[in-house]
Amino acid sequence: MSIKKLTKLDSASAIAIKDCMGAKKNEKILVITDELKREIGLSLHENAIRLGYESLLVEMKSGKINGEEPSPAVADLMQKFDVVFCPTAKSLTHTDARRNASAKGVRIATFPGITKDVMIRGMNADYKTISKRTIKLANLLETGKEIRVTAPAGTDITFKIAGRKAYASKGLFHARGESGNLPTGEAFLAPVEGTSNGVFVVDGSMAGLGLIKNASITIEVENGYATKISGGTLANKLKVMLDKVGKDARNIAEFGIGTNDSAKLSGVLLEDEKVMGTIHIALGNNVSMGGSVNVPIHLDGVVRKPSVWMDGKMIMRDGKLLV
């Protein structure tokens, strides 16, 4: 009988199961994947079985946009397991299905748009260090009232954050109901609705569009909404995605700071928004982070080399964290 040699993808899957989710001996694991991310879904499922867990693999048809709800059958299944992995082309993070399962105590890791390279590189990061850095940053953000962000490409935006909970997507999801992306590393929150004003220029990558190589996307913001989007073909594609959903798709939904020093800009937003030295601002749904806008879309734009002030005090300079 030949023993299968473990691959780098096997190792990455094992880290996700054992280290990141802290799966315990008698816990049941569910893997939800689609036809586009089958290889990663299968790896997580097979490695869960190899490590001695009861595991179920479910494949559904890929969604059309990030934040689209899975079928009621899949949503129902999510509530019946201890640990759920979601390696899918489109994100299930900001869905009622994910929120309802988390509320029942299920621990959930979402891998929107994951590729084999990102899985291998991202899962082999030092999550103990990333976790400490991310929690520290999230705790700091919770003490603030207002954020201002500037960047060389033209970003200059302010928004209120008073009273908002900050989240640490830290890579170790061991407590009941904890969830986040894998690979991960970001501290984030929802700016107070209606308070964002200025401009942010996406020059790293944009969810659904990939790496920004030539023309950056300039997004002008008034009273919490993206009012004008310019910058060639990619900007036009972004407008089409948002206009299908309606005005609330243009809500300034999230402000996040990347904390993963192993991540690099790859065109896969899952990894890009975690890159240390970047910030991201998202449009659309913010219910998952304590906001009030519930639409079936959530699109993040990554900004390179940002400087960030909280209540007038600089906490990041040209992409370098000062905390």
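## The eight-stranded sheet

Eight strands make an open sheet, ordered S14-S13-S10-S6-S5-S18-S19-S20, with antiparallel pairing. Its edge strands are S14 (225–230) and S20 (320–321), each pairing on one side only. Strands here are DSSP runs of E with at least two residues, helices are runs of H or I with at least four, and both are numbered from the N terminus. Two strands pair if DSSP finds at least two bridges between them.

This is a predicted model: local features need pLDDT of at least 70, side-chain atom pairs count only at pLDDT 80 or more, and totals for chains, interfaces and linings use all residues. Residues are numbered from 1 along each chain as its sequence is written, and side-chain values use heavy atoms, leaving out hydrogens and water.

## Pairings inside the sheet

S5 (residues 146–150) and S6 (residues 156–160) are antiparallel and share five bridges. Arginine 148 has threonine 158 in S6 as its bridge partner. The two strands form a hairpin with five residues between them. In the turn, glycine 154 has a positive phi of about 125°.

S5 also pairs with S18, antiparallel, over four bridges. There, threonine 150 stands opposite serine 307 in S18. S18 (residues 307–310) in turn pairs with S19 (residues 313–317) in the antiparallel sense, over three bridges. Tryptophan 309 faces methionine 314 in S19.

## Helix H7

H7 (residues 232–245) packs on the sheet and touches S13 (217–222) and S14. Contact means heavy atoms within 4.5 Å. The direction of H7 makes about 145° with that of S14. Such angles run from 0 to 180 degrees between N-to-C directions, with axes fitted to C-alpha atoms, for helices over the stretch in contact. H7 has 14 residues and reaches 21 Å from first C-alpha to last, close to the 20 Å expected at 1.5 Å a residue. The expected span is 1.5 Å times one less than the number of residues.

Leu234, Ala235, Leu238, Met241 and Leu242 are buried in H7. They cover an arc of only 120° around the axis, so they lie on the same side of H7. The arc is taken from the directions from the helix axis to the C-beta atoms. Buried means under 20% relative accessible area, exposed over 50%, and partly exposed in between, with a 1.4 Å probe and protein chains only. The face turned away from the buried side carries exposed Thr233, Asp243 and Lys244. The cover over the buried residues of H7 includes S11 (205–206), S12 (210–211), S16 (278–284) and S17 (298–304). Just after H7, glycine 246 takes a positive phi of about 115°.

## Helix H1 and strand S1

H1 (residues 8–20) has buried residues including Leu9, Asp10, Ile15 and Cys20. Among the elements covering its buried residues are S1 (28–34), helix H2 (38–50) and helix H6 (127–141).

S1 is mostly covered, with six of its seven residues buried. S1 runs parallel to S2 (residues 54–60), joined by seven bridges. Aspartate 34 stands opposite methionine 60 in S2.

## Histidine 94

Histidine 94 sits in the loop between S3 (83–86) and helix H4 (96–103). Histidine 94 is buried, with a relative accessible area of 11%. Its side chain makes a polar contact with that of histidine 298 (3.4 Å). A polar contact is a pair of N or O atoms within 3.5 Å; within protein, one must be able to donate a hydrogen and the other to accept it, and residues adjacent in sequence count only if both atoms are side-chain atoms. Leaving aside neighbours within four places in sequence, histidine 94 is in contact with Gly67, Arg99, Asn285, Ser288, Met289 and His298.
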